[in-house]
Amino acid sequence: MADFIKLLSQQPVMQNLVLTGLRGVGKTVLMETAKPRALSAGWIWVGTDLSETSSISETNLATRILTDLSVATSLWEYRRVSNTKPIGFETEPTQQAIMLNFDTLGRIYDHTPGLPSDKLKKVLLVVAENLPEKNQGILFAYDEAQNLSDHKETAQYPLSLLLDVFQSIQRMNVPFLLVLAGLPTLFPKLVESRTYAERMFRVMFLDSLDHAASREAIMVPISRQDCPVKLGDDALDLIIRNSGGYPYFIQFICKEVYDAFIQQYGPGAAPTVPLVEIMRKLDTDFFAGRWARATDRQRELLSVIAGLDHCDSEFTVQQIVDASRALGGKPFSNSHVSQMLATLGANGLVYKNRYGKYSFAVPLLGGFIRRQLADA
Ligand SMILES: Nc1ncnc2c1ncn2[C@@H]1O[C@H](COP(=O)(O)OP(=O)(O)OP(=O)(O)O)[C@@H](O)[C@H]1O
Ligand SMILES: [Mg+2]
């Protein structure tokens, strides 16, 4: 939060933010928590979750941004900068004030000559010129931003468009800040699209909670006097270990534990944590869908990875190849592994870090795969 707040005091805006981390680590919650702070610092907050649809084409992405922006600007009066006709109006508009609503933003976009990037840039510049004095700037917050992609096949480059436009208007001292949240695949994607993205973003990697923080996350909610659930140290350790410190897993396991405790409570019996059942439920609710989407050969590869000692941190192509040879069966070649990891990356199961090593993009995936293999 402190880092986030620091970015809000930039004038001019030099650094944008990438908020990244594995599934369920708390990116969305952090962003939502930062929102009231940004608002009270005078920022206007716009944005939504980015879907794959908004990233199909440059026009789709521009429409997305115009739509989000217009929610904030629709009641602003379009102040003329000079005596000329406002952009987007063929004839001098005679009616009352023009508002910067979606319709007006769309007209400015349509009537600006050039590429979608020129058009979008123009709209943003007009909005900046009309920014109310009491406001610090506009913060564009996009969650699930790993869905952004360029598409060579269709010659559509929405991701590059976004980076180009923000880089260009920020150079002109426009106080617009870009905050992108998403899976660890996000930042490598940005850099691949535009190398200057390295310098444009500050990257915050949210990690799982450490032991003390996990303990707090579990104990604080049940510390009220009237709470019927009391956990001993053994139960606490069991939950921390099996959740890996990931907030989503802590929440999931604890809900099941509380439900079980409340039902088991009766005279005499000391309640136990039904861990095997809970993990089975987690497998069905959280992992199974992702696993089902993998092909047989991809599952074989993932199983080889899950057998590596350090699969929950990092692994390399060579380690996978070596392990697959050692296992017997049909081994994987280097190029095959690289190629499959790229596909698994696009499917959001693994990601490649900046040093060329790979990791699972889903927390505790290794343990899930090993449970599957044991069951089989
Ligand atoms: N600081 C926190 N304290 C307590 N619970 C939290 C905290 N952060 C996140 N959580 C809980 O963990 C769960 C996952 O959080 P969140 O949805 O923000 O993760 P995410 O990183 O956005 O996940 P995804 O990659 O799936 O979008 C939520 O249900 C939330 O309630
Ligand atoms: Mg999220």
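This is a predicted model: local features need pLDDT of at least 70, side-chain atom pairs count only at pLDDT 80 or more; totals for chains, interfaces and linings use all residues.
User: What makes a residue part of the shell around ligand 1, and which residues are the closest?

Analyst: A residue belongs to the shell if its C-beta atom, placed from the backbone, lies within 6 Å of the ligand. For ligand 1, 13 residues surround the ligand, and the closest are Gly26, Lys27, Thr28, Val29 and Pro247. Helices α2 (27-40) and α11 (247-264) each supply at least two residues of this shell.

User: Why is ligand 1 said to lie between domain 1 and domain 2?

Analyst: Both domain 1 (2-205) and domain 2 (211-289) give residues to the shell around ligand 1, so the ligand lies between them. The division of the chain also includes domain 3 (293-375).

User: What makes a residue of the shell around ligand 1 nonpolar, polar or charged, and how many are there of each?

Analyst: Asp, Glu, Lys and Arg count as charged, and Gly is among those counted as polar. By these classes, the shell has six nonpolar, five polar and two charged residues.

User: How far apart are the C-alpha centres of domain 2 and domain 3, and how many residues does each give to the contact?

Analyst: The C-alpha centres of domain 2 and domain 3 lie 30 Å apart. Two residues are in contact if their C-beta atoms lie within 7 Å; the contact takes six residues from domain 2 and five residues from domain 3. On the domain 2 side, helix α12 (residues 275-292) gives the most, with three residues.

User: What share of the protein chain counts as buried?

Analyst: Of the 376 residues, 35% count as buried.

Methods:
Residues are numbered from 1 along each chain as its sequence is written. Chains are lettered from A and ligands numbered from 1 in the order in which they are written. Helices (H or I, at least four residues) and strands (E, at least two) are DSSP runs, numbered from the N terminus. Domain bounds come from an automatic or database domain assignment. A residue is buried if 20 or more other C-beta atoms lie within 10 Å of its own, exposed if 12 or fewer, and partly exposed in between; C-beta atoms are placed from the backbone.
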